[in-house]
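Work through the exercises below with the structure at hand. Each task is followed by a solution in steps.

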Amino acid sequence: MSDFEATAALAEQFNHTDWPAFLIRQVASVNPLLPAIAAAKFDGYWFGMDQAEVATDILFNSRADLERIHQDLVHAAITGFGATDVMRFLGQKPHHLFTGEVVIDSKKRPEGCRIKFRIRRNSVKLYDHLNVLRIETTLNNPAEFKILTSSENAEGQVVCRWSPMRKGVSNFWRYAEVAHGANSRLIDALANAPLKGQAIEAIDRLCRSQSKAGRHVAAFNPVTAENVALFTSLLAGEFAINGFRNRDLQGKLYSAPANNPAEIKRRTHRTSRLIAKLRGHGLIAKVTNSRLYRVTQNGVKAMWAAVRCRRIDFPAAFNMSESFAQ
């Protein structure tokens with residue numbers, strides 16, 4: 001598919017086709033008894049839809065791009081939505097007299113994972129295949145929705161009212177309107193899901209060795225005491241304004257000054273290696289035409305997360321799990 005606008009325009013034509021007139025022409029080509037049926041004064045054909053499915057596809061550049069957020073979307077869909085949300089997706093208002101069944105279920109298949117939100121016989125589901133995330137509404141009972149109809153009253157005046165929708169193909173445009181609305185409401189709700197995939201990717205990247213300009217860059221263990229001390233030093237407030245030099249970072253890493261030339265040289269070389277390693281992982285960047293370095297935006301996010309994990313999140317989770325074990 002190379003032209004998305006042309007594809008969307010072609011799909012939109014289905015909503016505005018005169019389906020009864022189109023289908024009766026098809027009947028005339030396959031049923032030779034149609035004139036005899038009409039001559040016998042029988043009613044003509046009535047065309048209906050037993051089931052309608054309307055899908056909205058979101059295409060990603062690659063399967064890997066979709067997988068970065070897919071698990072977060074699945075988790076949000078299963079744990080973050082309730083019966084009231086499902087009713088809202090499918091255009092229903094919560095009511096104390098509602099007696100139907102509202103179901104949220106998931107199923108894993110070889111092609112991917114499927115999440116379905118169902119009210120009685122109508123549903124909206126989310127599933128993935130290759131690089132496509134599809135949101136699809138299935139309508140088996142259109143009477144759950146209203147359609148604007150017109151009729152003449154006893155005085156011959158045209159009266160319009162909202163009536164339960166029937167299965168006639170002439171209502172195809174309303175089927176599409178209802179289904180697209182359900183798809184859009186689910187997509188908008190999923191857009192607010194907290195995404196953790198980028199964070200997992202960032203910490204995995206820190207734990208892997210890198211190659212920059214043909215040079216090997218060693219991996220970080222982002223939660224060791226030594227590396228957390230390094231990250232804490234780099235996140236110091238004074239470095240955020242003017243950046244830092246080798247000797248500035250040394251001042252943070254060592255509590256006492258060096259007492260001999262050999263120690264000064266050793267510290268300078270060690271700090272230079274740390275700076276090269278940090279640059280190789282994209283945590284810091286060199287300021288143009290100077291010997292200054294600044295922490296990058298990604299560096300702030302990754303290093304702050306590592307510091308918080310060691311000092312706050314892991315201890316809290318550890319103590320919580322200890323209470324469960326008891």
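**Exercise 1: a charged patch**

Lys212, Arg245, Arg247, Arg279, Lys286 and Arg291 form a positive surface patch. The model is predicted, so local features need pLDDT of at least 70 and side-chain atom pairs pLDDT 80 or more, while totals for chains, interfaces and linings use all residues. Residues are numbered from 1 along each chain as its sequence is written, and side-chain values use heavy atoms, without hydrogens and water.

Solution. Step 1: patch residues have over 30% relative accessible area and no salt bridge, with like charges joined within 9 Å. Step 3: buried means under 20% relative accessible area, exposed over 50%, partly exposed in between (1.4 Å probe, protein chains only).

**Exercise 2: a pair between strands**

Task: describe the salt bridge of lysine 125 with glutamate 136.

Solution. Step 1: a salt bridge needs a side-chain nitrogen of Lys or Arg within 4 Å of a carboxyl oxygen of Asp or Glu. Step 2: the closest N and O atoms of lysine 125 and glutamate 136 are 3.4 Å apart. Step 3: the pair links distant parts of the chain, with lysine 125 in strand β4 (residues 122–129) and glutamate 136 in strand β5 (residues 132–139), 11 residues apart. Step 4: lysine 125 is buried at 17%, and glutamate 136 is buried at 5%. Step 5: salt bridges with shared partners join Asp57, Lys125, Arg134 and Glu136 into one network.

Conventions: Patch = residues over 30% accessible without salt bridge, like charges linked within 9 Å, V, L, I, M, F, W, Y side chains within 5 Å. Areas by Shrake-Rupley, 256 points an atom, 1.4 Å probe, with all protein chains shown as cover. Lys, Arg positive; Asp, Glu negative; His and termini not counted. Charge placed at Lys NZ, Arg CZ, Asp CG, Glu CD. Helix = DSSP H or I, 4+ residues; strand = E, 2+ residues; numbered from the N terminus.
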